[in-house]
Amino acid sequence: MDLSPLGMAAPSMKERQACWGARDEYWKCLDENTEDASKCKKLRSSFESSCPQQWIKYFDKRRDYLKFKEKFEAGDFQPSKMTAQS
Amino acid sequence: MLLLTRAPKAWHRLFQLKALALPGTPGGKAQHVRYQPFSTPGPAETGRQDQPQGPGLRTRLLVTALIGAGVGGAWLAMRAEKEQWRRQQRTEALRQAAVGQGDFSLLDHRGQVRCKADFRGQWVLLYFGFTHCPDICPDELEKLVQVVRQLEAEPGLPPVQPLFITVDPERDTVAAMARYVQDFHPRLLGLTGSTEQIAQVSRSYRVYYSAGPKDEDQDYIVDHSIAIYLLSPDGLFTDYYSRGRSAEQITDSVRRHMAAFRSVLH
């Protein structure tokens, strides 16, 4: 993983694919454990070491969004809960 | 002259016919066979008493029709000329737009200066992104080069030039662009430049971009509009493809534009 001191070099194609793979593994674990992150600690650390920090933040946000979208489309929307979160 | 001596009878007949067609024509003998409905039949009208609408009317209708056709023809010719003029005006306007619109001066990933005119004569598929992009840019570029490859495989189609322009000029140097584009397609050209040059080209192509906050690694993500643009060999916007379009859909669209294309530049 090319984490140069400045963190400037963009990940190569191989590095990107490694990151996406680790992310997918982690997300699969979350799917299987109803978002219980404590059950997926190992995959989480693997994910964190495969991807730049900015990407981890980005993918976490993306995960939140995708889950929210799922809930919304399934009609589980709870207004009071949402205003508390946002 | 010969005709006159040889066929005086034919001439006489013709003269009669003329007199019938144009009532009131001056001429001594013609007066006698002037068209008069229900009058006593003259030599030329024998056996036509029950048909008041004789050759006279038919001939008159013929003449009217000829005049009408003449007028109609003239009108159509004028209309066609007006259409032609309008087409020329539009062509001229498009030609001017092709020259001025969306011009840029950027560095490609080999360090060469490139401007829009360099791509004249080629179909271009253009994408704006940045090399530090987590997933969208690689996905869109992969889709773009897939379209290029599909079209390359079809005989008789001109090659499409894939272009990638960065919206992150601070980090995406010539070297960074070179490292990035090599993973996609040998002909994919990466373009970068100064902050001003990138701002200018993004403006011309109506691309929104905004660098996010930097973290402790000085890393950041650039939020930007996502679209693949198709430029014609005249350098004009022809179409754009959003994230939802598949490679097959884009390939079909490009193929159709290629078939319909007529250059406005000489």
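## Exercise 1: a salt-bridge network

D31(A), E35(A), R63(A), K67(A) and E70(A) belong to one network of salt bridges, a salt bridge being a side-chain nitrogen of Lys or Arg within 4 Å of a carboxyl oxygen of Asp or Glu. This is a predicted model in which local features need pLDDT of at least 70, side-chain atom pairs count only at pLDDT 80 or more, and totals for chains, interfaces and linings use all residues. Residues are numbered from 1 along each chain as its sequence is written, chains are lettered from A and ligands numbered from 1 in the order in which they are written, and side-chain values use heavy atoms, with hydrogens and water left out.

**Task.** Explain why the D31(A)–R63(A) pair ties together parts that are apart in sequence.

**Solution.** 
1. The D31(A) and R63(A) side chains form a salt bridge with an N to O distance of 2.7 Å.
2. D31(A) sits in helix α1 (residues 13-32) of chain A and R63(A) in helix α3 of chain A, so the pair connects parts 32 residues apart in sequence. Helices (H or I, at least four residues) and strands (E, at least two) are DSSP runs, numbered from the N terminus.
3. D31(A) is partly exposed at 44% relative accessible area, while R63(A) is buried at 8%. Buried means under 20% relative accessible area, exposed over 50%, and partly exposed in between (1.4 Å probe, protein chains only).

## Exercise 2: two salt bridges in chain B

**Task.** Locate the residues of the R86(B)–E83(B) salt bridge and of the D219(B)–R171(B) salt bridge.

**Solution.** 
1. In the R86(B)–E83(B) pair the closest N and O atoms are 3.3 Å apart.
2. Both residues lie in helix α4 (residues 55-100) of chain B, three residues apart, about one turn of the helix.
3. R86(B) is partly exposed at 44% relative accessibility, and E83(B) is partly exposed at 33%.
4. For D219(B) and R171(B) the closest N and O atoms are 2.6 Å apart.
5. That pair links distant parts of the chain, 48 residues apart: D219(B) is in the loop between β6 (209-211) and β7 (222-224) of chain B, and R171(B) in the loop between β4 and α6 of chain B.
6. D219(B) is buried at 6% relative accessibility, as is R171(B) at 7%.

## Exercise 3: the surroundings of a strand

**Task.** Which strands pair with β3(B), and in which sense?

**Solution.** 
1. Strand β3 (residues 123-129) of chain B has seven of its seven residues buried.
2. W123(B), L125(B), Y127(B) and G129(B) point one way from β3(B), and V124(B), L126(B) and F128(B) the other way.
3. β3(B) runs parallel to strand β4 (residues 160-166) of chain B, with seven bridges joining them. Two strands pair if DSSP finds at least two bridges between them.
4. L163(B) in β4(B) is the bridge partner of L126(B).
5. Strand β8 (residues 228-231) of chain B pairs with β3(B) in the antiparallel sense over four bridges, and L231(B) in β8(B) is the bridge partner of V124(B).

## Exercise 4: a histidine in a loop

**Task.** Is H185(B) buried or exposed, and what does its side chain contact?

**Solution.** 
1. H185(B) is in the loop between α6 (174-181) and β5 (189-192) of chain B.
2. H185(B) counts as buried because its relative accessibility is 6%.
3. The side chains of H185(B) and E152(B) make a polar contact of 3.3 Å. A polar contact is a pair of N or O atoms within 3.5 Å; within protein, one must be able to donate a hydrogen and the other to accept it, and residues adjacent in sequence count only if both atoms are side-chain atoms.
4. The H185(B) side chain also reaches the backbone nitrogen of R187(B) at 2.9 Å.
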